2 protein chains.
Amino acid sequence: MERHAYAVIIAGGKGTRFWPLSRPQHPKQLLKILSGKSLIRETVDRTVPLFGSRNTLVVTVAEHYHALRREIPVLPERNFVVEPQGNNTAPCIGLAALEVAARDPDAVMAILPADHWVPDPGSFSRALRGALRLARSGGSLVTIGIRPSYPETGYGYILKGKRFKGPGGVPCYRVNGFKEKPTRQRAALLVRRGSLWNSGMFVWKASTILEMLRRFSPPIARSLERIQTAMRDKGLANPSASLRAVVRREYRRMPKVSIDYAVLEKAGAAGRLLALEGRFGWSDVGSWAAAHRMLPHDGKGNAGLGKWLGFKSKDCLVYSRDRLVALLGVQGLVVVDTEDALLIAAMERSQEVRELVEELKRRGYGRYTVR
Amino acid sequence: MERHAYAVIIAGGKGTRFWPLSRPQHPKQLLKILSGKSLIRETVDRTVPLFGSRNTLVVTVAEHYHALRREIPVLPERNFVVEPQGNNTAPCIGLAALEVAARDPDAVMAILPADHWVPDPGSFSRALRGALRLARSGGSLVTIGIRPSYPETGYGYILKGKRFKGPGGVPCYRVNGFKEKPTRQRAALLVRRGSLWNSGMFVWKASTILEMLRRFSPPIARSLERIQTAMRDKGLANPSASLRAVVRREYRRMPKVSIDYAVLEKAGAAGRLLALEGRFGWSDVGSWAAAHRMLPHDGKGNAGLGKWLGFKSKDCLVYSRDRLVALLGVQGLVVVDTEDALLIAAMERSQEVRELVEELKRRGYGRYTVR
């Protein structure tokens, strides 16, 4: 078990892309897309052996709080930090850093998205341990980059600078910059050059990220300082009415920006950002097509959960609920059956589910997008 | 209203091709595939104005009797003739002829399948009236042929012989022969030559068809005579135990053949079969693809019943039940949602639903094929 270390699981996502399984009250991290366990449960199961349940925090928004507590009863109530609204990742991570610093001013924290897929927890743990040592040893920010397995255009890429040997000989790099969602051609070039996928997993001391926010994002830092003053060295869980009011006020005030934009790009340019190369399977599970890639397939590329039969069909993904789903002579489809709605989409267009949800609202089917 | 005339609606079909809507206990004639009314209800609604409900008979098998009575309460109980088992059309039509002859030895009868689609009841009635007059005037068998609207390969074709003017100037022909389910090329040739679709609608005197059965199909005729003797001039509805036993015994004995094979082909060769050319829209609704052709389409060729949205999709057929069905970026699909099972099939392969049903049984999903 790591000492003076916290896992901070970021569980704010909406997951409109997983309609009809995901709904505002039932976001992606609560879905059992890849196994019998929800994505957040898988995440917690990966972190608790490393950090312990006492030191595993979850940051979420009010509307998901109760569902998350039910889903992960292993974590104590005081480990849930509730944001008054979703403000993108920089305020969220800043708030989590205040909580960690209040508990242990010298602690290192690992920021972990709640809804990612990591099939090999052993390799993941080794990489995370290395990143914790690296973050502890200097005053640097550490991002875990993933060695790409194919030129994905939906991800951001980390451009590697000077290489050095990290803890235990893990390959590490200074970060030269980032490239968000490249074209197909550009993605292929990035993969050839050894750039890494930006996983959204970061490791640093709470004190370091707060320092970096002061340096690179003063408006957020000022809001965080006002919150910190209101905390009076207590945690953020079960906040007093006055603390809650301060957090709410500062959340309305803070710029809604990502940690990448608020800090990492600038820290990279200032030579304060390192990347540790993770060589484990990973995906952000960003669409039905991504889920299809990750699930085990039958001999014809079909995958699914529930009761289904892919007769004379190939490359399909099926989620059935109580009903039997029978495919006949079809190809490249996503079929998702829920209690009140059913999606049948072309696999290669599963990124457009968000648009479909908007169209449903326009057509008077809004109630099927919220329940 | 026609006098000395009976409609005999043949309602024995299983309709495996309409799984998952059709099940053994819920065959095609009971489905509401094309409107809010079941196919048999539509059929009865077409015939009752012509024949009256007293003179509209339904022939079915025991397992469908109760569902049919519920579906068409307008017909009296004694108008349902129940076969002990499905024996193909020759025994069925022979049995109906016995019932009609018992009621009115001189009556003409129109054989009408329960599960066909006729969008223009007016034109249909005119053709049927013509056929009744034609069948009454001589000792001939009359089949209603349909002028084809395209070269369908799933139908049988009537090869026309000498033309003559039928009642009211309707074009009629001697029948030279039949061609079952031609190849695509052959179907195109048949259409060019003016051959007619064999609709399975026939008109003749009860006495004529019984005579023809004696001549061309003696084993069936002998069984029918034994049944007729047991009837003692009473009808077949509410049969006595002894009559029921005779029918059951003869049904086990009779060859299970179609009326086309048992009588019509031979009657045609003997110059005793006439065809009246019907120029009304008609389909045997033989597959989901056929249903798709008949339903009104949106601007992109999508059709359906229930709650559905065809977003960026075309040429699809959707039957939804309670759920909302949302399509995204798909084409040429049949989607049929039922309480316990869901079919997603390629439109052009919807003839293979029968195979799918067999596969479901092999895979242990038999219960979804029967309920």
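This is a predicted model: local features need pLDDT of at least 70, side-chain atom pairs count only at pLDDT 80 or more; totals for chains, interfaces and linings use all residues.
1. Helix α6 (residues 206-216) of chain A packs against helix α9 (residues 259-269) of chain A at an angle of about 90°, and their axes lie 9 Å apart. That makes α6(A) roughly perpendicular to α9(A). On the α6(A) side, the contact is made by Met212(A), Leu213(A) and Phe216(A); α9(A) brings Ala262(A), Val263(A), Lys266(A) and Ala267(A). By class, this contact has six nonpolar residues, no polar ones and one charged.

2. Next, have a look at how the two chains relate. Chain B can be laid on chain A with an RMSD of 0.1 Å, using a turn of 179° and a shift of 0.0 Å along the axis. That is the relation of a two-fold axis. Which residue of chain B comes closest to the rotation axis? Ile344(B) does, with its C-alpha at 4.4 Å.

3. Now to the place where the chains touch. Here 29 residues of chain B are in contact with 29 residues of chain A. On the chain B side, the elements giving two or more residues are β11 (308-311), β13 (324-328), β14 (333-337), β15 (341-346) and α11 (353-362). Of these, β15(B) gives the most, with six residues. The residues on this side of chain B divide into 21 nonpolar, one polar and seven charged.

4. Do the copies use the same surface or different ones to meet? As 100% of the interface residues of chain B are also interface residues in chain A, the copies meet through the same surface.

5. Within chain A, strand β11(A) runs parallel to strand β13 (residues 324-328) of chain A, and four bridges join them. To find one of the partners, look at Leu309(A): its bridge partner in β13(A) is Ala326(A).

6. Finally, there is a pairing between the chains to check by eye. Strand β15 (residues 341-346) of chain A pairs with β13(B) in the parallel sense, over five bridges. There, Ala341(A) has Leu324(B) as its bridge partner in β13(B).

Definitions and conventions. Residues are numbered from 1 along each chain as its sequence is written. Chains are lettered from A and ligands numbered from 1 in the order in which they are written. Two residues are in contact if their C-beta atoms, placed from the backbone, lie within 7 Å. Ala, Val, Leu, Ile, Met, Phe, Trp, Tyr, Cys and Pro count as nonpolar, Asp, Glu, Lys and Arg as charged, and the others, Gly among them, as polar. Two strands pair if DSSP finds at least two bridges between them. Axes are lines fitted to C-alpha atoms, for helices over the stretch in contact, and angles run from 0 to 180 degrees between N-to-C directions. Angles under 35 degrees count as roughly parallel, over 145 as roughly antiparallel, 65 to 115 as roughly perpendicular and the rest as oblique. Copies are superposed by least squares on the C-alpha atoms of residues with pLDDT of at least 70 in both.
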